[in-house]
Amino acid sequence: MEHRNANESSLVTVVINGETRQAMTEPRTLLAYFIRENLGMTGTHVGCDTTSCGACTVLMDGVPVKSCTVLAVQADHHALMTVEGLESIGGLHPLQQAFWDNHGLQCGFCTPGMLMTSTALLRDHPEPTETEVRHAISGNLCRCTGYVNIVKAIVNASQKMASEPAEV
Amino acid sequence: MAMEATESRPLGKAIKRKEDPRFIRRQGRYLDDIVLPGMLYMALARSPYAHARIKNIRLDEAYKVLGVKAILTGADLEKMNLSWMPTLAGDRQMVLATGKVLFQYQEVAAVVAETRAAAEDAVQRIEVDYQPLDAVVDPYAAMKPDAPLLREDREQKDNHIFHWEVGDREGTENTLASSPIVVKEFIRMPRVHPAPVEPCGCIADYQKSTGKMTWYVTSQAPHAHRTVLAMVSGLPEHMIHVISPDIGGGFGNKVPVYPGYVCSIVLSLQLGRPVKWIETRTENIATTNFARDYHMTAEIGATEEGIVTGLKVITIADHGAFDAAADPSKFPAGLFSIVTGSYNFPIAFAEVDGVYTNKAPGGVAYRCSFRVTEASFLIERVMNTLALRLNLDPVELRRRNFIQPDQFPYQSPLGWTYDSGNYDLTLDKALELVGYEKLREEQAERRARGELVGIGISTFTEIVGAGPSNTFDILGIKMFDSCEIRIHPTGKAIARLGARHQGQGHETTFAQVIAEELGLTTADVLIEEGDTDTAPYGLGTYASRSTPTAGGAAALAARRIRQKAIQIAAHLLEVSADDVEWNGEKFVTKGLESRGVGMGEVALAAYTNLPQGMEPGLEATYYYDPPNLTFPNGAYIAVVSIDRGTGQVAVERFVAVDDCGTVINPMVVDGQIHGGLTEGFGIAFMQEIAFDEDGNNLAPNFMEYLVPTAVEAPHWETGRTVTPSPHHPIGAKGVGESPNVGSPAAFVNAVVDALSPYGVTNLEIPLFPWKVWNVLREHGLTL
């Protein structure tokens, strides 16, 4: 008997960074791989297989999720935001700018996940304390920076965003 | 505040990193981001047993999975004489197991298929019959005469790998015998794993039409990997193109060659299609090179006044199933002989015996210059024991024994020539920053209230920048590094180096070095690394060697550019070259500063208006063979308190004063120190790859192998002294590893200090709360 590759593929439709995208995928496909391989957006990284490292963090309906632990089919007809959606025509997102200004990254592999988690944090808590920032990003591992400058960057971005509210 | 890359005279300035704009967007290009036309995916079947005979492997069911193109086993590789590969340590390692497996998760078969999922499906359907054998997990048990023989392939019929020793055994033993004070301590550095957030992987892309192999690989040493591949595969080296793309952290993990690399290369050669292999996190932690697993017994002799007289160190090193250590060839125990540290030991002896066990092979230098972490941890811990024995403040003991500034260059009893240092100055700065005297007063008050509060000191000396060609090689290749600079007609430059950064910031810092030498800005200099078809040969980035070696090459290549440029400048200034000098920004006529030409004008002239007879162009290459290693050092002070209810240790303060010589970019240096301290914290308190008695790996992923998050990571207070290296072209020493090397002992010394009133002198890392709680309970200190 011939083994089949799990079950039949189905069409998954997502609104990602404001754009509607569709692709056929197997039911078992993880959202992280759907984003990276089916949609070709490689900013979202995979660093573990146990939902521990957070490099794959994206926003699903505005909520940070580890996309390695969400099935692509669960995201069907949901809104996603990835690191690719942060920069606007007007330029870098204040968080991107603050990570650059404050040396908030070294190898850069964890950075997209850090940026997405902190985007949600600052939306819900525009003026977080350092302790709140540290707790918010505790699901995102960084092996290079010791978190010092990541925390500094997020606090710095929050201050800038407070003084220059985004045009919405 | 960080500065822009357009800043002039950039050396020593906090220039914002040039690599960041791509990483904060989506434009980093890591290995798994690369997709080639017709690419196949590979997955590996692995052993569930730590030690077992392979009776039979059945592949029929696996081949039935749609999309499977080929499956390799050890038997297939044996026919090609590739079932074993050489290790950097002169041992050999199974690529795919033949006969028996020697560690849990060992590679048994490789499947290549049209999709990642199909390859994984097929792996699940490979059936292997194993006959389990007794596993050897403890390195001391491995050395017993009746221990099961692990490596039946060797002529030598025991589990001993090597014996290495240095120094004067008899003299040291005599000295210890006649010393009024001798302290002895057993210090274990358990097995840990570097675990960068990006795992290892590669794409082998063999084009049958051209005969060219393009190998994309997460490599900290792409040129060395090209040469190894040429030696192992027989492919001509000029037909191998190694590309090390953006790397998501390395920390030593991405130095060795792994079985998965060899399998993907073999499969690409067979099929003529690109083959991608990316590890899972579990595969990364469970199979690629670990670090440490050093079991050390040390004795220090001293006078009643606390002047050290001698040091003796006996070590058992657990290398796992194969000796896959990534050390320079002549150094089976790495640079462990830096173990005399910052202290003026008149005599010393150290020996290391390597043994096999049924664990993953290794080990690598994890954010460490070849076993320097083990050596520094040992000496800083045992000096702490000596201070306790003498009832002397650990600061005072260190001061009495520091190598003094006028002793440099200092000849250590174990054979190193330390380049420079001012240990009292560095320590003074740390004591001042932390407010040491007041801290000790506060500690006394808090102790009186029943609190467990400790202060730990570590004043370490590192040895980095391997290394000089008379001593250092890997597989015979000397450990120089290189830089090639080309100045374009419009005065902009491209520079390529043999190093390969993984987050260290070379695209900025080496641009600063070159820009400073040439009167350009950081923005004017594009740095490229990691492509063996374009970059000059170099040995790569690990062991804090980039700045000492490639950084030296960058400065000297730039000075070579200036040698030609001064001739052109003289031509432009219409004077003799003897009358022209470089004032740090431009070429000027001696005694007439106002008459000068900058590098931009000289560059244009190099292509448009040359002195008669001069060869056109303006470029230079420098292969830098460093005359010595560099010896960064630091003084670290940890302040901790222990929760008597839980055994949880809180790091209340940590002051790190580093002396890494000339600083190229203080922002980058601080970033390196923050990261290294956090890894040192993880090693002291959280990280351990433990095994059960059957050799099952108990921490093969981030659920069990705990690395610090932003919540556990302490706040770091940093400071600096600058004692330049006298032999390095710009006086720099390297810094990436100092904090990881120096900090574990400071943490442990602090916890021991908290408990020393109750007779505790030694604690085994990692200091999990349960372990500390057990010690509290033994001493009646729990709540």
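Student: What makes helix H14 (residues 506–518) and helix H15 (residues 546–573) of chain B a crossing pair?

Tutor: Their axes come within 9 Å and cross at roughly 35°. Axes here are lines fitted to C-alpha atoms, for helices over the stretch in contact, and angles run from 0 to 180 degrees between N-to-C directions. Helices (H or I, at least four residues) and strands (E, at least two) are DSSP runs, numbered from the N terminus. Please note that this is a predicted model, in which local features need pLDDT of at least 70, side-chain atom pairs count only at pLDDT 80 or more, and totals for chains, interfaces and linings use all residues. Residues are numbered from 1 along each chain as its sequence is written, while chains are lettered from A and ligands numbered from 1 in the order in which they are written.

Student: Is the crossing of H14(B) and H15(B) left-handed or right-handed?

Tutor: H14(B) passes H15(B) in a right-handed crossing. A crossing is left-handed if the near helix is turned anticlockwise from the far one by less than a right angle, and right-handed if clockwise.

Student: Which residues of H14(B) and H15(B) meet?

Tutor: Among them are B:Phe510 and B:Ile514 in H14(B), and B:Ala554 and B:Ala558 in H15(B). Two residues are in contact if their C-beta atoms, placed from the backbone, lie within 7 Å. This contact divides into 8 nonpolar, 3 polar and 3 charged residues. Ala, Val, Leu, Ile, Met, Phe, Trp, Tyr, Cys and Pro count as nonpolar, Asp, Glu, Lys and Arg as charged, and the others, Gly among them, as polar.

Student: Why is H2(A) called oblique to H3(A)?

Tutor: H2(A) and helix H3 (residues 111–124) of chain A pack at an angle of about 130°, with their axes 10 Å apart. That angle makes H2(A) oblique to H3(A), because angles under 35 degrees count as roughly parallel, over 145 as roughly antiparallel, 65 to 115 as roughly perpendicular and the rest as oblique. The residues that meet include A:Leu95 and A:Phe99 in H2(A) and A:Leu115 in H3(A). By class, the contact has 3 nonpolar, 4 polar and no charged residues.

Student: Why is A:His77 called exposed?

Tutor: A:His77 has 9 other C-beta atoms within 10 Å. A residue is buried if 20 or more other C-beta atoms lie within 10 Å of its own, exposed if 12 or fewer, and partly exposed in between, with C-beta atoms placed from the backbone. A:His77 is therefore exposed. This residue sits in the loop between strand E4 (63–66) and strand E5 (79–81) of chain A, and has a positive phi of about 65° although it is not a glycine.

Student: Is B:Arg292 buried or exposed?

Tutor: B:Arg292 is buried, as 28 other C-beta atoms lie within 10 Å. B:Arg292 belongs to strand E15 (residues 290–302) of chain B, and its phi is near 65°, a positive value in a residue other than glycine.

Student: Why is chain B called as compact as a globular protein of its length?

Tutor: Chain B has 19 helices and 33 strands. Its radius of gyration is 27 Å, close to the 28 Å that the globule rule gives for 783 residues, so chain B is as compact as a globular protein of that length. The radius is taken over C-alpha atoms, and the rule is 2.2 Å times the number of residues to the power 0.38. Buried residues make up 59% of the 783 residues in chain B.
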